[in-house]
Amino acid sequence: MTADSTATVPSCADLDVVVIGAGVAGLTAASLLADAGLGVELLEAHHQSGGCAGTFRRGPYIFDVGATQVAGLEPGGSHHRLCRHFGIPLPEARPLDPGCVVQLADDNAPIALWRDPERWRQEQQRQFPGSERFWALCATLHQANWSFAGKDPVLPPRTLWDLRQLLGAIGPAQLATGLLAKATVADLLRLCGCAGDQRLRRFLDLQLRLYSQHGVDRTAALYGATVLAMAQAPLGLWHLEGSMQGLCDGLEQALQNAGGRLRLRHRVTRLAREGGRWRVQGQRANGTAFDRTCDAVVCSLPPQTLPTLLGEAMPQGYRRCLAQLPTPSGALVFYGAIERARLPAGVAAHLQLEAGQPGSLFVSISQEGDGRAPQGQATVIASVFTPSAPWFNLPEADYQRRKQEALTAIRSSLEAGLTLPANAFLHQELATPRGFAGWTGRPFGMVGGLGQSPDQFGPFGLASRTPLPGLWLCGDSLHPGEGTAGVSLSALMASRQLLAERGRPLQLRA
Ligand SMILES: Cc1cc2nc3c(=O)[nH]c(=O)nc-3n(C[C@H](O)[C@H](O)[C@H](O)COP(=O)(O)OP(=O)(O)OC[C@H]3O[C@@H](n4cnc5c(N)ncnc54)[C@H](O)[C@@H]3O)c2cc1C
């Protein structure tokens, strides 16, 4: 779809819904609402869709901006269900086996998260003897979580309709596991007599931080149990062919098929409620202003943007509620390219390397023939969460020095972890939270949503239904949290709520 395309869409005066932000969440919400027959316009500040799951090109290389592996492509998974609903093909992908290899900074063999559950069970026994009860408890919790998630609950509920959706998803298994709603993964370790296994804790800390922004001590047990089961069949992780952009290309197609309109280079700067409708104002990349009127707005940006967008229209209570949210992390991401022969033979596509400053790395290596690098070369992306604020309001020279130090430290960790010679990289650059703020429009480049602690996850999290009529939220600050699979579910939740208010219940086509 091209920017400003004018397919079979209503005129601006007939708009039902404006969706803000064409990342995975906004594209999913816009496509669902357009598919349900509403007049939808999706406004995106950037010149392309994708946001944190987008792609950029450097010479012969294609780099995934943030997300590099995908969950939810299996039957019953969120992307699979949505692609079926929209009648679009699943993005071309190869299953990851192992889903990840975790290399702790010790002399033991790395831990491979095999796709086959039995092989993974044997790996657990070999790597963490005596932890069987912990893994069995996690598996039980995960099964209860999964059947719950498959019934599309609304979390946290704010109205009777929401509550009915939630209660409809709760069965005896969830009543039992609900007893652990306030527990952490550390509590599970204690319950199972594994709290003293420091190696297991270090492994879990690395894995959990990828999804929850917290380690063992602060990750909610129910959330952590499912995160720890993501790499195994019948779920599993995938590496997309071509680039991550394939996911958003498919969703753009779904939006177009449904008659929705994507407007690229349209940055929303103000939201106002006028005469019972929403007024959405902003600026195009060429500096000209735009102005839309609609019944409802779905905002996929972090909720921390709302005070600026709404200004005086922001209810004081809601302003206070958002101000109390924990500050999300930013990210440092190293984008490199290398001769494939320099890499260790048989290296996995995704690794975690336990490392010192600026932190342990999540590493993604392109696969031969996947379209990201010329034959015989590979792209290497290494990311680490980092506090955002210190990267802002620095004199330019200090910022550049800090950036160079971080790049050098990450490159050194990669050289040590992948046993690379010095100067092996053919290309290298670093994105800081400042770069992410520019690319994604996220304040302070915050990524990853709210941490999934017992105070913040699912039932205790932020609601997609805001106190302002007709203003909905989706994205990684909402249930069920970050990741492309997670944010597509948040978009499904908000779309179901919005459509239910209009008397048009949404049921995904099987
Ligand atoms: C380094 C890193 C690694 C990750 N790795 C993985 C992974 O391997 N697997 C995985 O599943 N997930 C991963 N994630 C998480 C995943 O990328 C995100 O959870 C998901 O892509 C967020 O999608 P979103 O639509 O909620 O937000 P975004 O992708 O941020 O989309 C928001 C969109 O809104 C636009 N926008 C912003 N402001 C405005 C405005 N004022 N007006 C109009 N448009 C605006 C932005 O340009 C952007 O396109 C990773 C994230 C990061 C940062």
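This briefing walks through the domains, a sheet, the ligand shell, a helix pair and some backbone details of the structure above. The model is predicted: local features need pLDDT of at least 70, side-chain atom pairs count only at pLDDT 80 or more, and totals for chains, interfaces and linings use all residues. Residue numbers run from 1 along each chain as its sequence is written. Helices (H or I, at least four residues) and strands (E, at least two) are DSSP runs, numbered from the N terminus.

**Domains**

- The protein is divided into domain 1 (12–53 + 69–91 + 241–326 + 448–501), domain 2 (121–229) and domain 3 (330–445), with bounds that come from an automatic or database domain assignment.
- Between the C-alpha centres of domain 1 and domain 2 there are 27 Å.
- Contact between these two domains involves 23 residues of domain 1 and 22 residues of domain 2; two residues are in contact if their C-beta atoms, placed from the backbone, lie within 7 Å.
- On the side of domain 1 that touches domain 2, nine residues are nonpolar, 11 polar and three charged. Here Ala, Val, Leu, Ile, Met, Phe, Trp, Tyr, Cys and Pro count as nonpolar, Asp, Glu, Lys and Arg as charged, and the others, Gly among them, as polar.

**The seven-stranded sheet**

- An open sheet of seven strands runs in the order S7-S6-S15-S16-S17-S14-S18, with mixed pairing; two strands pair if DSSP finds at least two bridges between them.
- Strand S7 (111–112) and strand S18 (425–431) are the edges, and each has a single partner strand, so one side of each is left without a neighbour in the sheet.
- S7 pairs with strand S6 (residues 101–103) in the antiparallel sense over two bridges, and Val102 stands opposite Ile111 in S7.
- Helix H13 (residues 396–417) packs on the sheet, where it touches S6, strand S14 (330–339), strand S15 (350–353), strand S16 (361–365), strand S17 (377–386) and S18. The direction of H13 makes about 130° with that of S18; axes are lines fitted to C-alpha atoms, for helices over the stretch in contact, and angles run from 0 to 180 degrees between N-to-C directions.
- Helix H14 (residues 433–440) also packs on the sheet, touching S14, S17 and S18, and its direction makes about 95° with that of S14.

**The ligand shell**

- The ligand is surrounded by 36 residues, the closest being Gly21, Gly23, Gly51, Gly66 and Gly441; a residue is near a molecule if its C-beta atom, placed from the backbone, lies within 6 Å of it.
- By class, the shell has 16 nonpolar, 15 polar and five charged residues.
- Domain 1 and domain 3 each give the shell at least three residues.
- Helix H1 (24–35), strand S10 (266–274), S14 and helix H15 (484–501) each supply at least two shell residues, and the largest share, three residues, comes from H1.

**H1 against H15**

- These two helices pack at an angle of about 35°, with their axes 8 Å apart.
- Their contact includes Val24 and Leu32 of H1 and Val487 and Leu498 of H15.
- The contact has 10 nonpolar, five polar and no charged residues.

**Backbone details**

- Two cis peptide bonds are worth a look: Ala233 to Pro234 has omega near 5°, and Gln357 to Pro358 has omega near -5°.
- Pro234 is in the loop between helix H9 (221–227) and strand S8 (238–240), while Pro358 is in the loop between S15 and S16.
- Asp152 has a positive phi near 50° although it is a residue other than glycine, and Asp152 lies in the loop between helix H4 (132–149) and helix H5 (160–169).
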